[in-house]
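Q: I have a model on screen and want to learn how to read it. Where do we start?

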Amino acid sequence: MTTGIQFKAVHHTYRPPRGKPVLALDGVSLEVKDREFMALLGPSGCGKSTLLYLLGGFLPVENGEISVDGKKVHGPGTDRGIVFQHFALFPWKTVRENVLYGLEKQHVAKPERVRRAQAMIELVHLNGFEDSYPSQLSGGMKQRVAIARTLAVEPEILLMDEPFGALDAQTRALMHEELLAIMRRAPKTVVFVTHDVREAVYLADRVAVMSARPGRIKEIVDTKLPGGVNPEVQQSPEFAQKVEHLWQLVRDEAIKAQAQAEHG
Amino acid sequence: MILRFLIRIFPLVLLAGLWEIAPRLGWVNPEVLPPASAVASAWYGLLMSGDLVTNGVSSLINLSAGLALGIFVGMAAGVLMAWYPAVDALVSPLMKSLYPMPKSALIPVMILWFGLGAGSKIASIFMGCLLPVVLSSYNGARGVEQTLIWSALGLGASRRRVLWEVVVPGALPEIMAGIRNALAISFILLVSSEFLVGQRGLGYLISFLGDGGVYDAMFAAVLTVAAIGFFADRVYLFFMQRTLRWRE
Amino acid sequence: MSERSGRAGEYGLMALRVFSIAAVLGAWQITAMAHVFSDFLLPSLSEVLLRLYHDLVSGDLIRGIELTLIRTFIGFAMAAAGGVVIGVAIARIPVARWFFDPLVSVGLPMPKVAFLPIFMLWFGVFDVSKVLMIAFSAIFPVIVESWAGTQNIDKYMSWSALSLGVGPRRFLWEIALPAALPQVFTGLQVALPISLIVAIICEMQMGGQGLGGSIMTDMRFADSPGVFSGIVAIALVGMVMVKAMELVRRRLLIWHQETQAE
């Protein structure tokens, strides 16, 4: 099954309950190829998460068009799984119950459900914690549950909203490897929001750099690295070059965003 | 702005309208629910005759006395408990076990001790207000950041000064929230004790009018008490928010 | 401020606690026996305990507790059911919010017992008016907490549920209500003691046996051991109720991070 994502001239206005409306996205056009790992990189407030939420169907597309595999996006769906920065697990459910949830919604037969959920839990290395509650788990473990839960329903597209932002640096590095391992086993189209340049260069095939608010696509940079994706590549000169290149692009926008934050 | 306010209170307006129409059209027995206009004019009558004011003043005096006492003693006890571990260990188990007891049950004892007049009412209100204020003062004082206290001590302030100038202001938000609670409780205890005994106060007035079958005036008195309780809370809230404004 | 250092400190504190309660009880007994106050004003602890025992054996105490508890629980159950339904409705249905918001804002700070004579006028002087007054008083905190709990559920968690395929109808039952449960239960924990307080007040006002009624009767007969034993009984009932709610919360909300933190 082929899946390509098309953003065509997407505008979005943020309307706070009190105060003036703010233009968050100003005509974003972008194409994400099938099975591609695309990172959305930009400073705070540039609208990258908003773009993700529009793609996910959680916000209505008022101006412009977003289509997946030729079909316009109308609302949330199991074809676009999402993983959030603060895990968004169901706290009253155990790890197993969280992972099972999507499978129950799909009316999968019970033995099959249980088998698939267990497979997912093993995929993220959480065997032994099936009956734990989220409040008993560390941040990294919670994020793994979130990933397992999302992957269990086998979405074609994986949306990730700064998923490792709430984790410490070491856990983050481990999670990078886990995510890459998962993607090698079952490749998907991934749209990954981050403000971390190194993370974007390391994980992604292409990086779309966004401008400060109102968000536009500034430039798209190819970040496929020779020698494949493994931890050692982060020491290579090619890696450093790409990071520098992207940092230059992001830097001006980050300064602009800082000024925006101070002046409101 | 005004429009928004009107839309907000419109359900109340609707209910008031219903209140007027239903008894007049015989939907409900007008003996049992006098129409709003009848209650309003009865209210006016009570006001003019002085009954409302005399009893109102009596109630408010007793309420204020009990509440003020409760706040004063409660704050002192709560803050001291938080500051001196010995006091805490001695007093707090008592406080914690007495907390779930309905203070309304103490009204008969207060009557036994202080008679049928103002004394028992003030005492009942005091007893009811005490614990919420103690608890919130205690929690508020304990919640003041250690680092703040240590900084002050490090700058050479005596423990006493730190208590007054760092701890009490730091505990103020929680103390004020506890006082708001105590305010609501004091109204409940005031009205209950005035229902039970005594010759004065709005609670007494309500009972008296009820016993005498003067229901429209009884409704008027009930709504007066309810309104006073409501506005007391609102006024206190405004005062509390202004006082705590420096807390951002 | 008060630091607890090590196990010795813990045991010391516990001992101090027991000591303080024992000290108060002891002081009571001694003060009474020394007749610092008259027997009428302060009957001795032993007298009060004896009276309690007597009432227990005769069955009066049990009957009184039963009656008060039945009224309390029926009123509480009504407040709980009605309050949760209204609170959730306010959070999810704009018309319900428009209608109930002013009612709740106005009703919450009012001393609702002031309406007792009206209830007596409408519903008589027996149990019906008591139970309704209890429900009327206790419903407000349940509404407020249920509303807040349902309103404030994590947006991202809702979105996750949507992208996992939950439909709008099942969303309420499967996601919104379980997420709101901690706060809803807090509302119930506030409402139960209120129910007891109001039950006692109604019984004191209207009679009808039950702990509140008997305490008033004892007062009228200047039976001070009776009054004091009544207070002790009510205090114990209150304590047991609150503790019971805490235990239920711990089991029900075992997954909640506060419970885990204990």
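Q: How is α4(A) oriented relative to α5(A), roughly parallel or roughly antiparallel?
A: Angles under 35 degrees count as roughly parallel. The crossing is at roughly 25 degrees, so α4(A) is roughly parallel to α5(A). The crossing of α4(A) past α5(A) is right-handed.

Q: Which residues of α4(A) and α5(A) meet?
A: α4(A) brings Gly139(A), Gly140(A) and Gln143(A). α5(A) brings Thr171(A), Leu174(A) and Met175(A). By class, the residues of this contact are two nonpolar, four polar and no charged.

Q: Which strands does α4(A) lie across?
A: α4(A) lies across β6 and β7 (157-161) of chain A. Its direction is at about 175 degrees to β6(A).

Q: What is the strand order in the open sheet of six strands?
A: Strands of a sheet pair through backbone hydrogen bonds, either parallel or antiparallel. Here the order is β6-β7-β8-β3-β9-β10 in chain A, and the pairing is mixed. β6 and β10 (217-222) of chain A are the edge strands, each pairing on one side only. From one strand to the next, the twist averages 20 degrees.

Q: How do β3 and β8 of chain A run, parallel or antiparallel?
A: Parallel: five bridges join β3 (residues 37-41) to β8 (residues 189-194) in chain A. One to look at pairs Ala39(A) with Phe192(A) in β8(A).

Q: What is the order of the open sheet of four strands?
A: In chain A it reads β2-β1-β4-β5, with antiparallel pairing. The edge strands are β2 (22-32) and β5 (71-72) of chain A. Two bridges join β4 (residues 63-68) of chain A to β5(A). Val68(A) has Lys71(A) as its bridge partner in β5(A).

Q: How many residues of chain A are in contact with chain C?
A: 22 residues of chain A are in contact with 15 residues of chain C. On the chain A side, β6 (80-83) and α2 (95-105) are the elements that give two or more residues. That side divides into eleven nonpolar, nine polar and two charged residues.

Q: Where in chain B is confidence lowest, and where highest?
A: Where pLDDT is low, the predicted coordinates should not be read in detail. Chain B has a mean pLDDT of 89, and 99% of its residues reach 70 or more. Confidence in chain B is lowest in helix α4 (residues 85-98) of chain B, at a mean of 79. It is highest in helix α10 (residues 215-243) of chain B, at 93.

How values were computed
Residues numbered from 1 in each chain as written. Chains lettered and ligands numbered in written order. Predicted model: local features only at pLDDT ≥ 70, side-chain atom pairs only at ≥ 80, totals over all residues. Contact = placed C-beta atoms within 7 Å. Nonpolar A, V, L, I, M, F, W, Y, C, P; charged D, E, K, R; others polar. Pairing = 2+ DSSP bridges. pLDDT = per-residue confidence, 0-100. Axes fitted to C-alpha atoms, helices over the stretch in contact; angles between N-to-C directions. Parallel < 35°, antiparallel > 145°, perpendicular 65-115°, else oblique. Left-handed = near helix turned anticlockwise from the far one by under 90°.
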